[in-house]
There are 2 protein chains.
Amino acid sequence: MSDTLISNFQNILDGQRVLIGESLKQRYDHIWHMNTSLEALCLLLPQTTDEVSKILNLCNDHEQEVIIHGGLTNLVGSTRSSSQQVVISLERMDAIEEVDIASRTITVQAGVILEKIHDAVEEHNLLFPLNFGARGSAQMGGIIASNAGGLRVLKYGMTRDLVLGIEAVMADGTVINSLKKIIKNNSGYDLKQLFVGSEGTLGIVTRAVLKLVEAPSSRNAAFLAVDGYKDVVRLLKFFDAHLAGKLSGFELIWANAYKQMTSTSDAVRPPLPYDYRYYILIESLGSNYERDQAEFQAVLETAIVQELALDAVMAQSPSDVEWFFRIREDVNNLTDGMTHDQHFDISLPVSLIGKYIEECYDKLSTVNGVEQIYAFGHVADGNIHFMIGKESLDENLKLQINDIIYNGLQDIGGSVSAEHGIGIDKKAYLQISRTPQEIELMRALKRSLDPNNILNPRRIIDL
Amino acid sequence: MSDTLISNFQNILDGQRVLIGESLKQRYDHIWHMNTSLEALCLLLPQTTDEVSKILNLCNDHEQEVIIHGGLTNLVGSTRSSSQQVVISLERMDAIEEVDIASRTITVQAGVILEKIHDAVEEHNLLFPLNFGARGSAQMGGIIASNAGGLRVLKYGMTRDLVLGIEAVMADGTVINSLKKIIKNNSGYDLKQLFVGSEGTLGIVTRAVLKLVEAPSSRNAAFLAVDGYKDVVRLLKFFDAHLAGKLSGFELIWANAYKQMTSTSDAVRPPLPYDYRYYILIESLGSNYERDQAEFQAVLETAIVQELALDAVMAQSPSDVEWFFRIREDVNNLTDGMTHDQHFDISLPVSLIGKYIEECYDKLSTVNGVEQIYAFGHVADGNIHFMIGKESLDENLKLQINDIIYNGLQDIGGSVSAEHGIGIDKKAYLQISRTPQEIELMRALKRSLDPNNILNPRRIIDL
């Protein structure tokens with residue numbers, strides 16, 4: 001049966017774009033595991049939406065499971081496959097089809113790498129605001145499927161907020177073309193929402209229209225320090241009010257993480273001394289360097305005069321801004337000293353973060369085998385990242401750490417994933433973020449849109 | 001059968017909250033038709049989510065159609081009912097449950113009127129940014145169901161962007177509780193999107209967590225004039241770039257609409273002479289009146305020096321700002337002189353607006369029976385409102401006008417409804433904005449979530 005299927009794929013894809021046998025061994029399922037060969041029945045490299053449609057139509061008829069590959073930067077195991085699964089990679093659909101300067105949109109195929117989008121719009125003084133560490137590898141289709149966030153959600157929103165139009169292929173090969181370059185469209189259900197953040201389980205995104213914004217021309221930053229979490233919230237509200245519309249980052253770093261982040265080299269030397277409990281990095285984006293710098297400084301001085309912060313230092317130059325952000329972004333400074341590490345991207349109401357994280361620190365510090373505990377995150381979005389260092393890969397230790405960080409989230413209306421998604425790795429914890437009725441509704445949607453359960457099966461939910 | 005049903009409703013709702021017979025005659029189905037009695041089997045006034053759940057469970061078992069009432073300001077006929085339909089009004093579920101100042105959220109029941117939300121957060125220097133003419137009547141449940149827009153979408157987004165959590169009751173009575181106070185939640189499908197903008201066809205929204213922002217403390221405005229549509233786009237990009245994050249309104253008014261809007265009384269006297277083709281009203285919201293006014297003036301002067309506008313006048317005081325916005329917002333100045341009127345809220349790519357609207361003007365002016373043609377709108381959102389005055393309510397005349405305004409939208413990727421929705425009145429035009437595959441997917445969702453088709457049946461789509 002699989003031979004017939006492969007021969008049918010070859011008919012659709014002109015022979016060469018069906019990888020089997022030896023040529024499969026050069027492929028892998030994650031950029032962190034390039035030395036491990038991909039397990040799959042075959043890997044397909046479609047170049048058009050029509051080819052994706054024909055492939056899925058065929059797979060659906062044969063109840064053939066399909067795993068979808070983008071840039072392979074997924075953090076929850078979604079790109080793993082078995083030898084009986086067909087893998088479809090969108091990498092050959094990597095055209096930027098149009099930049100519309102007046103409508104401020106870019107139309108791209110799903111295989112385009114994020115960084116290419118940044119580069120394509122820069123010359124027009126436009127910006128695609130989504131940005132994160134994996135920008136050189138992550139493909140737009142995967143970014144949409146996982147509703148990626150990143151560093152500037154506070155000002156520009158998540159992927160969901162930046163997708164105006166979508167083209168997606170459903171399990172039976174039906175093409176949903178909703179590729180409009182319009183901001184507002186209340187004509188019926190907003191179908192694109194089904195494909196954003198559903199991790200490839202309801203359809204394969206093939207093209208998208210993305211929203212662009214005018215590129216900011218000034219950037220200011222400062223580090224501040226306080227001793228109480230209430231002071232963190234007060235500062236957030238203060239800067240959001242006084243830098244109206246310009247505040248683009250409000251990153252919180254717990255004291256021990258700050259110390260580790262600023263002690264590995266002179267490039268990340270500490271802007272403020274190690275005397276405080278919380279360190280905050282704020283960023284503002286504007287349109288006039290001199291005016292914005294003066295305003296930023298005046299607002300910062302007001303914060304000091306009003307005793308909202310215990311200490312503060314403002315970046316005096318673009319290289320200072322880079323220095324400040326290097327501290328926050330170079331997470332290797334945290335993980336390099338770890339024997340093994342375990343990462344988290346929880347979210348919870350902003351008002352409850354201080355107490356919850358403190359309790360996690362306390363509980364984790366009593367666990368045998370936990371060696372380091374670091375917390376930092378996008379506090380304005382309610383999104384905290386934990387990085388835990390541990391002595392072994394023991395499964396019980398892992399579960400014990402998960403329980404401490406996840407289990408309290410249910411009572412306070414938090415989520416086990418703010419950004420990375422559920423995939424396979426967090427499936428056991430979905431019921432912490434979602435009620436049984438919600439999970440049943442997800443299943444109903446999956447059954448309705450993919451009745452043979454062929455698309456990224458067993459991601460997020462089991463049927 | 002209906003007697004048993006009503007008696008069951010009375011059991012659920014303590015007798016008094018089931019209106020039948022004479023007491024139904026005091027009710028109506030739209031705030032514009034208060035003198036016309038409601039047609040319905042009965043009208044139900046639940047006070048809790050549990051009551052809504054029990055009502056729907058019963059209706060679903062009896063395949064009893066249900067029409068949902070909020071503030072009755074809907075513009076596409078969605079609240080009309082027949083004598084065999086059960087009407088549920090959410091008006092008794094009008095509690096504001098919590099304002100969380102640190103998390104910047106408000107939790108409300110669906111029957112709360114928009115203006116009450118504005119009032120409740122004002123004392124905390126917070127703002128719920130959604131705002132439009134019907135704020136004194138529109139209820140939050142209906143606002144969510146219709147994904148309302150309004151005047152400040154450019155800066156703050158539509159309703160969809162402001163809903164963090166939702167509680168909704170599905171057709172069979174299942175309660176979907178997704179009432180989280182968090183910005184980011186990538187744990188599975190974003191189910192709340194199903195209930196935002198689906199016009200009550202997939203569930204009844206009973207409660208919501210809404211996003212608040214720090215209230216701006218300064219407001220500036222100006223009128224500008226240009227002669228070419230390309231100049232409009234250039235100005236939009238200029239102000240969006242130079243008033244980074246503060247530009248909150250960019251309203252375009254065509255010359256003949258501007259003339260009519262500014263000629264009915266001294267309160268709406270013209271800020272600029274009648275010499276130009278396009279008039280633009282811009283608004284900026286900030287946090288420091290003196291700094292913002294100086295910045296706004298400097299940016300405006302730059303626009304003049306760079307010859308981006310032919311003429312401009314800046315509001316010199318808060319009362320000037322009110323004067324400018326009175327011109328734009330008081331649409332009665334357009335409709336008062338009309339024998340009959342017909343309204344539109346189309347959207348299309350920003351780059352194509354100038355040409356498309358000009359063609360509509362040209363075609364409409366040749367139609368017998370069309371007396372006035374006025375265009376204006378939120379051009380930054382690609383959303384243009386047309387108001388057409390006509391001599392009669394003749395059906396053919398109405399369809400002729402619809403055809404001129406709608407039919408060209410399909411080829412250019414526009415939408416027949418940017419804001420108001422489809423309801424019953426625009427159902428015949430849905431296929432202009434949506435492909436057959438999209439409409440079929442909407443039907444699949446409706447069948448999956450409401451298999452007996454009891455919730456607001458025959459709105460948006462027919463099965």
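**Strands, rings and the A–B interface**

User: How many bridges join strand E13 of chain A to E17(A)?

Analyst: This is a predicted model. E13 covers residues 247-254 of chain A, and E13 and E17(A) run antiparallel. One bridge pairs A:Leu252 with A:Gly377 of E17(A). The number of bridges joining E13 to E17(A) is three.

User: Which residue of E18(A) stands opposite A:Gly377?

Analyst: E17(A) also pairs with strand E18 (residues 383-390), in the antiparallel sense and over eight bridges. In that pairing, A:Gly377 stands opposite A:Ile384.

User: Which residue takes a positive phi in the hairpin of E17(A) and E18(A)?

Analyst: Four residues lie between the two strands of this hairpin. The positive phi is near 70° and belongs to A:Gly382.

User: Why is strand E17 of chain A largely enclosed by the rest of the structure?

Analyst: E17 spans residues 370-378, nine residues in total. Buried here means under 20% relative accessible area. The strand is largely enclosed because the number of its residues that are buried is eight of the nine.

User: What kind of aromatic pair do B:Phe238 and B:Phe239 form?

Analyst: The structure holds 24 aromatic pairs over all chains. The ring centres of B:Phe238 and B:Phe239 are 5.2 Å apart, and their planes meet at 80°. Planes over 60 degrees apart count as edge-to-face. The pair is therefore edge-to-face.

User: Which residue has its charged end over the ring of B:Trp323?

Analyst: In chain A, A:Arg219 lies over the face of A:Phe325, at 4.6 Å from the ring centre. Over B:Trp323, the charged end sits 4.0 Å from the ring centre. That charged end belongs to B:Arg269.

User: What area do chain A and chain B bury between them?

Analyst: Contacts involve 90 residues of chain A and 90 residues of chain B. Carbon and sulfur atoms carry 55% of the buried area. A:Lys184, A:Asn186 and A:Tyr189 supply 15% of what chain A buries against chain B, more than any other three residues. The area buried between the chains is about 6900 Å².

User: Which residue of chain A forms a salt bridge with B:Glu214?

Analyst: Chain A and chain B share 14 salt bridges. In the one with B:Glu214, the closest N and O atoms are 3.1 Å apart. The partner of B:Glu214 is A:Lys237.

Notes:
Residues numbered from 1 in each chain as written. Chains lettered and ligands numbered in written order. Predicted model: local features only at pLDDT ≥ 70, side-chain atom pairs only at ≥ 80, totals over all residues. Heavy atoms only, no water. Phe/Tyr/Trp six-rings, centres within 6.5 Å; stacked < 30°, edge-to-face > 60°. Lys NZ or Arg CZ within 6 Å of the ring centre and 35° of its normal. Buried < 20%, exposed > 50% of the residue type's maximum accessible area, 1.4 Å probe, protein only. Pairing = 2+ DSSP bridges. Contact = heavy atoms within 4.5 Å. Buried area = accessible area lost by both parts, 1.4 Å probe. Salt bridge = Lys/Arg side-chain N within 4 Å of Asp/Glu carboxyl O.
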